[in-house]
Amino acid sequence: MKEKRRGPISRAAGLAEGVAATMRRMQREREPRVLVYDPAGYARLVQPEARGHERIMELAEQMVAGMQEPES
Amino acid sequence: MSILTAMADTLTPGRAAESLCELSTDVRTAVLLDAAGSLAGAGGDGSEHARAIGELARQLFEEVDRATRDWDTEPPQQVEVQVPGGAVFASRTPRWTLAAVAKRGALSSLMLYDLRAVLSELEGGPPIRRSRAADEGTAGPPTEEFAAEELPMPELGE
């Protein structure tokens with residue numbers, strides 16, 4: 001079946017949807033989280049309510065904070 | 001003389017963290033710890049805080065081991081922690097732990113790959129080959145044999 005030709009507004013809307021989806025994905029990837037990877041490379045999420053999660057986040061925040069530029 | 005030339009190409013523990021910083025522009029600082037958790041090398045902007053970062057990295061894996069102790073899986077080899085101001089990535093082998101503090105938005109897959117590559121080189125694996133610009137010229141003659149050596153293809157099974 002032949003695909004229906006899309007007009008410029010439809011094409012622009014499609015483009016905007018793609019950009020919005022990319023932005024959402026990027027934002028989701030930057031959400032605070034702890035992932036661990038086994039030797040085969042499989043990732044597993046440490047759930048926020050799991051034992052040690054809070055402490056792991058705390059340690060990572062300290063490592064990142066140690067690298068923050070002092071505010072002028 | 002030839003011995004010194006050969007040694008210059010070998011990745012040493014002292015150079016490993018620095019090598020990671022050279023590989024990725026997203027890395028702000030990196031530290032290498034030995035099996036005892038002592039600092040073996042540091043690189044990047046935070047090399048003056050290296051001891052503190054190293055200690056935090058050691059504690060990070062301790063906490064990860066504690067958190068995953070009851071899991072029915074092998075102990076984690078790599079860790080990724082995303083926090084509001086950036087991200088921490090760490091990878092370990094029985095002998096070494098390499099941890100990096102990265103900029104916000106650093107690509108996880110690339111970061112983890114680079115960490116593994118540096119550790120693998122440190123463990124005696126093949127050195128990481130850095131690409132060169134075409135105008136930098138090549139080290140050898142432009143023959144098919146040389147090109148094959150530059151881009152080794154994986155061999156299929158017998």
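**Figure 1. Burial and fold of chain B.** Of the 158 residues in chain B, 37% are buried, a residue being counted as buried if 20 or more other C-beta atoms, placed from the backbone, lie within 10 Å of its own. The model is predicted, so local features need pLDDT of at least 70 and side-chain atom pairs count only at pLDDT 80 or more, whereas totals for chains, interfaces and linings use all residues. Residues are numbered from 1 along each chain as its sequence is written, and chains are lettered from A in the order in which they are written. Chain B contains 5 helices and 5 strands; helices (H or I, at least four residues) and strands (E, at least two) are DSSP runs, numbered from the N terminus. Their order along the sequence is α-α-β-β-α-β-β-β-α-α. Among contacts in chain B with a separation of 6 or more, 47% join residues 24 or more positions apart, where contact requires C-beta atoms, placed from the backbone, to lie within 7 Å.

**Figure 2. Fold of chain A.** Chain A has 2 helices and 2 strands, arranged along the sequence as α-β-β-α. Buried residues account for 14% of its 72 residues.

**Figure 3. The contact between chains A and B.** Chain B contributes 33 residues and chain A contributes 28 residues. On the side of chain B that touches chain A, β1 (27-34), α3 (50-67), β3 (78-83) and β4 (86-92) each supply at least two residues. The most come from α3(B), with 9 residues.

**Figure 4. Strand pairing between the chains.** Strand β1 (residues 33-37) of chain A pairs with β3(B) in the antiparallel sense over 5 bridges; pairing requires that DSSP find at least two bridges between the strands. A:Y37 has B:Q78 of β3(B) as its bridge partner.

**Figure 5. Helix packing between the chains.** The axes of helix α2 (residues 53-65) of chain A and α3(B) come within 9 Å and cross at roughly 165 degrees; these axes are lines fitted to C-alpha atoms over the stretch in contact, with angles running from 0 to 180 degrees between N-to-C directions. The two helices, α2(A) and α3(B), are therefore roughly antiparallel, a term for angles over 145 degrees. From α2(A), A:H53, A:R55, A:I56, A:L59, A:A60, A:Q62 and A:M63 meet B:I53, B:L56, B:Q59, B:L60, B:E63, B:V64 and B:A67 in α3(B). This contact of α2(A) with α3(B) comprises 9 nonpolar, 3 polar and 2 charged residues; Ala, Val, Leu, Ile, Met, Phe, Trp, Tyr, Cys and Pro count as nonpolar, Asp, Glu, Lys and Arg as charged, and the others, Gly among them, as polar.

Conventions. Two residues are in contact if their C-beta atoms, placed from the backbone, lie within 7 Å. A residue is buried if 20 or more other C-beta atoms lie within 10 Å of its own, exposed if 12 or fewer, and partly exposed in between; C-beta atoms are placed from the backbone. Angles under 35 degrees count as roughly parallel, over 145 as roughly antiparallel, 65 to 115 as roughly perpendicular and the rest as oblique.
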